[in-house]
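Subject: A structure for you to explore

Hello! Here is the structure I promised to pass on to you. Have a look at it first, and then read my notes below.

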Amino acid sequence: MKYFQPEIECMSREDIRAHQLKHLQRQVKRIYENVPMYRRRMDEAGIKPEDIKELSDLAKLPFTSKQDLRDYYPYDLLAVPKKDIVRIQASSGTTGKQIVSGYTRGDLDQWANGFARQLVAAGGDENSIVQVSYGYGLFTGGLGAHGGAEKLGAMVIPTSSGNTERQIRFMCDLGTTHLACTPSYAMFLGEAVQRMGCRDQLKLKAGIFGAEPWTEEMRKNIEEALGIKAHDVYGLTEIMGPGVSYECGEQAGMHICEDMFIPEIIDPDTGEVLPEGSFGELVLSTITKEGQPLLRYRTRDLCVLDYSQCGCGRTHVRMKKPAGRTDDMLIIRGVNVFPSQIEEVLLKYGEVVSPNYQIVVGRENNTDTFDINVERQPDYTGDAASVEALLVKRLRSQLGIGANVHLVDVDSIVRSEGKAKRVIDNRKLHD
Ligand code: ADP
Ligand code: ZN
């Protein structure tokens with residue numbers, strides 16, 4: 001099986017655009033008629049649904065922000081009567097108060113298609129055994145991956161996250177072929193497999209890892225530790241969940257389900273739409289979602305869109321790995337720092353340090369303090385001072401700012417079963 005829905009995944013660009021325009025027009029009309037917030041904003045901007053005549057007219061529509069989902073929490077952005085909503089999911093709350101999203105039966109079906117496309121792109125089919133080690137519950141990871149695997153007709157093992165030894169025992173006993181979890185949990189599972197000495201009993205072929213940023217170096221580590229091909233999957237609760245975009249065997253960016261979403265890249269400061277190939281904030285409009293459709297949702301994720309032909313034959317645009325979120329960015333002594341930049345440097349020294357690290361920012365005497373704790377590799381027995389000095393130097397040239405690096409003992413940084421907590425910012429209390 002090469003594609004889950006070839007007629008959609010491999011549509012010509014012309015057909016994608018025609019499909020998008022038709023659905024955008026319908027969706028804007030439906031939203032205008034059913035969601036008071038959008039009607040008010042469009043009226044204020046002097047825009048009527050009939051003004052959407054071509055795809056570029058999308059730029060005339062107002063943006064939607066995460067704050068809007070908080071302000072209109074929990075039901076005021078629904079475009080259908082509450083009785084048509086069959087599921088509620090909530091964001092992880094990484095960056096503040098949780099938001100919720102309501103799904104109709106049709107929305108769940110589309111979501112399952114998105115994740116099933118991902119599974120097939122990772123070599124899956126109805127013979128696959130998919131272990132879902134994302135947390136189940138309000139978080140979209142567990143139920144999202146579950147729905148996709150069932151839709152594909154694979155066998156699902158709904159372990160959820162946690163209880164690591166049992167996870168690995170099931171993986172060996174049941175012959176799991178595909179593992180779905182966060183990349184940080186995949187790392188953790190990789191370590192545990194090594195500890196338990198059972199790597200040769202695994203039948204794993206591929207992993208589908210997402211919900212948080214991870215680097216190419218981390219990908220290599222996971223692939224080696226588990227002996228698999230690791231695919232990146234992207235999604236967010238506001239828009240759907242994992243499967244908004246998914247990575248094929250080329251491992252060169254994630255195909256956005258363009259039949260469901262229209263992506264744009266904007267300048268996060270001015271809101272201006274940027275030309276093709278620019279790096280900026282990803283904005284998504286849901287053109288087929290029924291329950292809680294959003295227009296021009298500002299994801300705050302920073303990336304680049306690639307419209308070039310992909311070797312896999314899929315035609316949907318690819319988004320490059322998000323470099324981080326606009327709100328992940330730390331400003332330390334006036335310099336912009338993304339955790340992903342730090343991770344990239346640390347992982348270059350994989351012989352000595354492990355990818356378990358934590359960034360601690362504080363303030364003393366009106367100056368920011370910046371510390372990075374990173375675990376040494378179990379078999380590294382050399383001295384800490386020279387490693388720390390080397391990392392300080394490399395980080396300074398990468399970030400343009402000095403950090404104190406501390407090589408710490410194996411297992412001294414708390415492992416995550418879901419999204420990793422990489423940053424502790426003691427300068428302010430988050431909301
Ligand atoms: P929260 O915003 O509370 O974490 P979600 O659980 O909905 O809520 O997480 C969605 C966010 O997770 C995305 O906006 C993005 O920042 C991050 N994310 C999801 N998948 C990936 C991925 N593959 N790479 C990088 N970041 C990702
Ligand atoms: Zn591809």
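**Salt bridges**

The count comes to 24 salt bridges, a salt bridge being a side-chain nitrogen of Lys or Arg within 4 Å of a carboxyl oxygen of Asp or Glu. Before we go on, please keep in mind that this is a predicted model, in which local features need pLDDT of at least 70, side-chain atom pairs count only at pLDDT 80 or more, and totals for chains, interfaces and linings use all residues. Residues are numbered from 1 along each chain as its sequence is written, chains are lettered from A and ligands numbered from 1 in the order in which they are written, and side-chain values use heavy atoms, with hydrogens and water left out.

In general, side chains of opposite charge can pair when their charged atoms come close. One of the salt bridges joins Arg13 and Glu258, at 2.5 Å from N to O. Arg13 lies in helix α2 (residues 13-34) and Glu258 in the loop between β9 and β10 (261-266), so this pair ties together parts that are 245 residues apart in sequence. Helices (H or I, at least four residues) and strands (E, at least two) are DSSP runs, numbered from the N terminus. Are these two residues buried or exposed? Arg13 is partly exposed at 29% relative accessibility, while Glu258 is buried at 2%. Here, buried means under 20% relative accessible area, exposed over 50%, and partly exposed in between (1.4 Å probe, protein chains only).

Asp232 has a salt bridge too, with Lys321, and their closest N and O atoms are 2.8 Å apart. Since Asp232 sits in strand β7 (residues 229-234) and Lys321 in the loop between β13 and β14 (324-325), the pair ties together parts that are 89 residues apart in sequence. Asp232 is buried, with a relative accessible area of 3%.

Asp425, found in strand β20 (residues 423-425), forms a salt bridge with Arg427, the closest N and O atoms being 3.0 Å apart. Asp425 is buried at 10%, and Arg427 is partly exposed at 21%. There is also a network of salt bridges, which links Glu191, Glu375, Asp411 and Arg415.

**The zinc site**

Which residues coordinate the zinc ion (ligand 2)? They are Cys248 (SG), His255 (NE2), Cys310 (SG) and Cys312 (SG), at 2.1 to 2.2 Å. Donors are N, O and S atoms within 2.8 Å of the metal (3.2 Å for Na, K and Ca); water is not among the atoms, so sites may look incomplete. The angles between the four donor atoms are 103 to 113°, which makes the arrangement tetrahedral; four donors count as tetrahedral if all angles lie between 85 and 135 degrees. Along the sequence, the donor residues are spaced C-x6-H-x54-C-x1-C. His255 in strand β9 (residues 254-256) and Cys312 in the loop between β12 (297-306) and β13 (318-319) are 57 residues apart, so the pair links distant parts of the chain. His255 is buried at 0% relative accessible area, and Cys312 is buried at 11%.

**Strands side by side**

Strands β17 (residues 353-364) and β18 (residues 367-376) run antiparallel and are joined by nine bridges; two strands pair if DSSP finds at least two bridges between them. Val360 has Asp371 in β18 as its bridge partner. The two strands form a hairpin with two residues between them, and Asn365 in the turn has a positive phi of about 50°.

β18 also pairs with strand β19 (residues 404-408), in the parallel sense, over five bridges. Ile372 stands opposite Val405 in β19.

Enjoy exploring!

Terms used. Four donors count as tetrahedral if all angles lie between 85 and 135 degrees; four count as square planar and six as octahedral if opposite donors are over 155 degrees apart and all others between 65 and 115; anything else is irregular.
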